[in-house]
Amino acid sequence: MAMVSKMQADQQDLAALLNRVVQESLQFFAGLEERPVAAQAKTEAVESLPSDGRGGLQALERFQQLYAKKLSASAGPRYLGFVTGGATPASIAGDWLVSVYDQNLSGISDSIAGYVELETIAMLRELFLLPDDFSGAFVSGATMANFVGLAQARQWAARKQGVDVANDGLYQLPPLKIASGAPHSSIYKSLSMLGIGRKSMHLIPCQPNREAIDIAALRAFLEEHRNEPCVVVANAGTVNTVDYDDLAAIARLKSDYAFWLHVDAAFGGFAACSPRFSHLVNGLEHADSITIDAHKWLNVPYDSAMQFTRHKSLQVDVFQNNAAYLGSAIAQPEFAHLTPENSRRFRALPAWFSLQAYGRAGYKEIVESNAEVARLLGEKIAGSDSFELLAPVRLNVVCFSLKRKTRAEESLTMNDITRFLGQLSRDGRVFMTPTNYQGSPAIRAAFSNWRTVGQDVDVIWQALCDSFAEYSREG
Ligand SMILES: *Cc1c(COP(=O)(O)O)cnc(C)c1O
C-alpha cells in the first residue's frame, strides 16, 4: 500500500517533480563550462534498497547529494575523448518525451510512432544523400549497426555457398573472408558475436602513411579469393585520423568481383552534410549496408545509431521473430524483424526533433565548425616545440604526440602519454584519450559537439601547455 500511495502522490504532484528536473537540468547546463571534464569515478556505495520508498523528489535530492556533482562534463565543449557527441537542445526535448510517451517500437501497427521512425530514417537518408532503395532502422549504437550489417553479409555469403546460416548455422561452411584496411574494434567484436570469428579479418595494407586501404592490394586479395564470397568492410572515417577509404574505387571493383560492401561511417558519414567535405563519402551510395551513429555527430543523447541496408529481405531472414505466428508473408516487416531487439524504445524521436529543429543547415554548421576548431588546434600543435602533429587534420580529429625532450634514442612510451593525459585530466579543462598510431603512442582530440566554439581552442591550448610544463617538471 505504502509504495502505491507514494507513486500516486508523485503522480498528483508531477508538475513539482518535473519542474525540479527542469531546474536541475538548467543548473547542470549553466555549470557545464566550469565542471571538470573528467571526474574521479571512486565512490563508497552507501545506498541500499529502501524498504519504504522516499518518493520522487527525495530520490532526486538524494541523487544530487551523492552523485550529481561527480558527473563528468562529457556533454560539454571540451570533452574530446573517443568521439563523444553532444546533445542539441531539441534532441534533449525529444529524449525527455520518449520517456513520457513510453511507446514500444517493436512493430508499426499499433501506434503512429513506427511511422515516425520510418520518417526519421527517410530524413536521414536525405541528410546523407543516400538513394531511396536504402531502408534503415535505429539501433543502440554503431557497434550494433555494424553487427546488423555484418549479419546480413554473413547470410549473403553463406547463401552463395548454398547454406542458410539463419536456420542451419555456420557449421557447414569454411571460414568467411572479411577484408578491411583499418577497421574499428567493434568490427572484430561483431565478428565474434556472429560466430564468424575475429581471425576471419584479413587486414589489407593501407596506402603509405594513411589509414585508407590500398585499392590495388584489395583487388589482389579479391582476385586471390575470386571463388569465395568475400565481405569488404570499408572505413569512412577512422577514429585516429579520420581517413577515408576510396569508396567509389572500392565500389568499381564490384564489376569484377562479387563481394558484400559494408561501410562503417559511424561519424565520418557526416562529411555528407557539408559541400566542403562531401567528396570524402563519394561512393557511399554503392554500399550494401552502412553504419552511422546518431549519438556522435547527430548530437542526440546516448544511445542511438542507424543501420542502413539495400537487402531488407536478407535482414528479415536473420532477425525475424516468431515466424510461425507471422507466416511467410510479412507484409511490412518492421523493427522486431530487423534488429537484435524485440521491444524497442522510441529512439527515433530525439533525432526527429533535432532534424526538424535545425535541418540540413544546422548539421552543415556543426560539421564545419567542428572541423574548423580541429584545424585551428592542429595549426597550433604543428607550430609548437612541445607537441608534434602525426597526421594532417582531415576533418574533426587531431592526432598528435609529445615531442621527445630527451636524447633522441630514447623513444616516447605509452607510459609518457598516460602520465601527460593524467595531468591534463587533473587540470580539468579538457579531456583527450590515448591511441596508437602507426606503432607510436599518440593522443587524439576529437571534436563532435555543437557547443565547441573557437574560444575553446584557446582554453584547450592553454591547458595543453600548462599540463606539458607540469609533466616536464615531474619527468
Ligand atoms: C564509435 C565508433 C563505432 C562504435 O560505436 P558505438 O556507438 O560506440 O557502438 C564503430 N565504428 C566507428 C568508426 C566509430 O567511430
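Analyst: Strand β7, residues 305-309, is mostly covered, with five of its five residues buried. Buried means under 20% relative accessible area, exposed means over 50%, and partly exposed is in between, with a 1.4 Å probe and protein chains only. Strands (E, at least two residues) and helices (H or I, at least four) are DSSP runs, numbered from the N terminus.

User: Where did this model come from, and how are residues counted?

Analyst: This is a predicted model, in which local features need pLDDT of at least 70 and side-chain atom pairs count only at pLDDT 80 or more, while totals for chains, interfaces and linings use all residues. Residues are numbered from 1 along each chain as its sequence is written, and side-chain values use heavy atoms, with hydrogens and water left out.

User: Back to β7. Which residues are on each side of it?

Analyst: Ala 305, Gln 307 and Thr 309 are on one side, and Met 306 and Phe 308 are on the other. Both faces are covered, and all of these residues are buried.

User: What does β7 pair with?

Analyst: Strand β1, residues 135-139, runs antiparallel to β7 and is joined to β7 by five bridges. There, Phe 138 stands opposite Met 306. Strand β6, residues 289-293, is also antiparallel to β7, again with five bridges. Thr 291 has Gln 307 in β7 as its bridge partner. Two strands count as paired if DSSP finds at least two bridges between them.

User: New topic. In what order do the strands of the open sheet come?

Analyst: The order is β8-β9-β11-β10, four strands with antiparallel pairing. The edge strands are β8 (387-389) and β10 (433-437), each pairing on one side only.

User: And inside that sheet, how many bridges pair β9 with β11?

Analyst: Four bridges, in the antiparallel sense, pair β9 (residues 397-402) with β11 (residues 440-446). Phe 400 stands opposite Ile 443 in β11.

User: Now domains. How far apart are the C-alpha centres of domain 1 and domain 2?

Analyst: Those centres lie 37 Å apart. The domain assignment gives domain 1 as 3-73 and domain 2 as 91-354. Such bounds come from an automatic or database domain assignment.

User: Last one: is Val 22 buried or partly exposed?

Analyst: Val 22 is partly exposed, with a relative accessible area of 31%. Val 22 sits in helix α2, residues 14-30.
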